Amino acid sequence: MDRWIEVDLAKLTHNFRLIRQYVAPEIKILAVVKADGYGHGLVGVGKHFASLGADYLGVTEIAEGVMLREAGISVPILIFAPFLAEDLSRLAQYDLTATISSLAMLKSLGEADPPFKCHLKLETGLGRTGFSLNDLSEGIIQLGNYPQITVEGVYTHLATAMWKNNQYVKEQMAVFEQGVQLLETSGYKNLLKHAANSAALIKYPNYHLDMVRVGTILYGQEGGAYQRQLGGALQDSWCLKSRITAIEYLPKGHGVGYERAFITKRPTKIAIVPVGYSHGLGIEPIMRTRKLKDLLKVLAKTLLRYANHNRMQLYGQINHQRAPIVGKIGMQLAMIDITDVAEATVGDTVILPARRTLIDPTIVKIYLDEEKINHNAQKI
Ligand SMILES: *Cc1c(COP(=O)(O)O)cnc(C)c1O
């Protein structure tokens with residue numbers, strides 16, 4: 001195998017249990033497995049979290065829900081995002097729970113035949129999808145005409161849960177509370193209410209409501225950051241690996257790769273690894289920055305990268321030793337300076353740094369649990 005992602009199921013179990021213990025037992029847990037399970041493989045982690053007792057799974061699109069059902073998963077699956085009317089028949093067919101987030105969506109779903117379940121999404125300040133309070137009043141009236149739609153829950157999504165300042169979260173939750181009141185006085189009494197993502201789950205225990213929707217921290221991405229609250233460190237469950245497919249020897253002063261972006265400073269041993277930017281290696285999203293300070297950070301990083309500064313250096317790991325990735329990362333190949341790695345040879349395994357949600361989802365996943373670790377060690 002040329003490249004693969006190792007997913008450590010024992011670590012996912014550890015993270016799930018830490019979170020399960022932190023959240024009161026009567027509160028449900030929705031495990032978010034969108035975007036190929038945050039790079040871990042949609043079906044692989046979907047099955048795992050269902051087996052650990054996740055009450056719901058959450059995905060963005062109907063197609064993701066269909067894949068989970070086709071893999072035999074039977075826990076409730078909530079689809080977060082709006083979808084086109086043409087995809088609607090698959091909701092009932094695969095027993096998926098839709099999110100209805102606008103009057104237009106309610107109308108198009110209401111005019112369809114098959115019965116289905118939904119959660120209503122309220123727009124409380126994220127500025128993305130959801131009913132405003134005005135539209136919700138109208139929506140409640142409309143719902144009376146559509147007996148085939150069962151409303152099981154109501155939720156919202158927070159824009160600033162990661163901030164220290166809690167003012168905007170409070171404002172959003174106040175709007176949400178008004179929406180819930182409106183539903184309750186209209187007879188929708190026992191709805192499942194939920195608002196908290198990972199950051200809110202940790203920071204706002206009073207907003208756990210009936211269910212939390214947890215993604216990021218399930219996969220251990222924040223490492224030890226929440227150790228104090230959770231009573232233990234989250235563990236990183238994801239690792240991109242490849243193997244050295246060739247080794248080249250270059251003299252001092254030789255360029256490595258396109259545009260000679262790296263020039264050897266000594267006789268150099270270079271490992272060729274079959275992973276490049278088309279697989280997601282070296283890719284980082286450049287998001288629109290909110291503050292001038294953040295823009296300056298992005299610019300500083302770009303400059304440091306230009307100057308080949310140590311802080312921006314990416315490293316692979318071979319035989320437990322760190323080795324710098326040198327030159328421009330190619331479409332499907334990268335070069336690693338292994339001059340200082342004792343006895344590295346063709347076929348050796350390399351651990352590569354990458355952003356898990358930016359990695360090509362077609363890369364094979366290998367799920368490690370205690371039994372399989374030995375088995376895979378032999379195979380690879
Ligand atoms: C992605 C997502 C989550 C999970 O967010 P994390 O910050 O990764 O925990 C929760 N709710 C909705 C609607 C989402 O889209």
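1. Which backbone lies 2.9 Å from an oxygen atom of the ligand? A backbone N or O atom of Gly-215 does, where a polar contact is a pair of N or O atoms within 3.5 Å. The protein covers 88% of the 390 Å² of accessible area that the ligand has on its own, with areas from the Shrake-Rupley method and a 1.4 Å probe.

2. This is a predicted model, in which local features need pLDDT of at least 70 and side-chain atom pairs pLDDT 80 or more, while totals for chains, interfaces and linings use all residues. Residues are numbered from 1 along each chain, and side-chain values use heavy atoms, leaving out hydrogens and water.

3. The residues around the ligand (a heavy atom within 4 Å) include Val-32, Tyr-38, Phe-80, His-157 and Asn-197.

4. Helices H3 (residues 42-52) and H4 (residues 62-70), which are DSSP runs of H or I with at least four residues, pack at about 65 degrees with axes 10 Å apart, the axes being lines fitted to C-alpha atoms over the stretch in contact and the angles running from 0 to 180 degrees between N-to-C directions. Leu-42, Val-43 and Gly-46 of H3 meet Glu-64, Met-67 and Leu-68 of H4, contact meaning heavy atoms within 4.5 Å.

Note on methods. Helix = DSSP H or I, 4+ residues; strand = E, 2+ residues; numbered from the N terminus. Polar contact = N/O pair within 3.5 Å; in protein donor to acceptor, adjacent residues only side chain to side chain.
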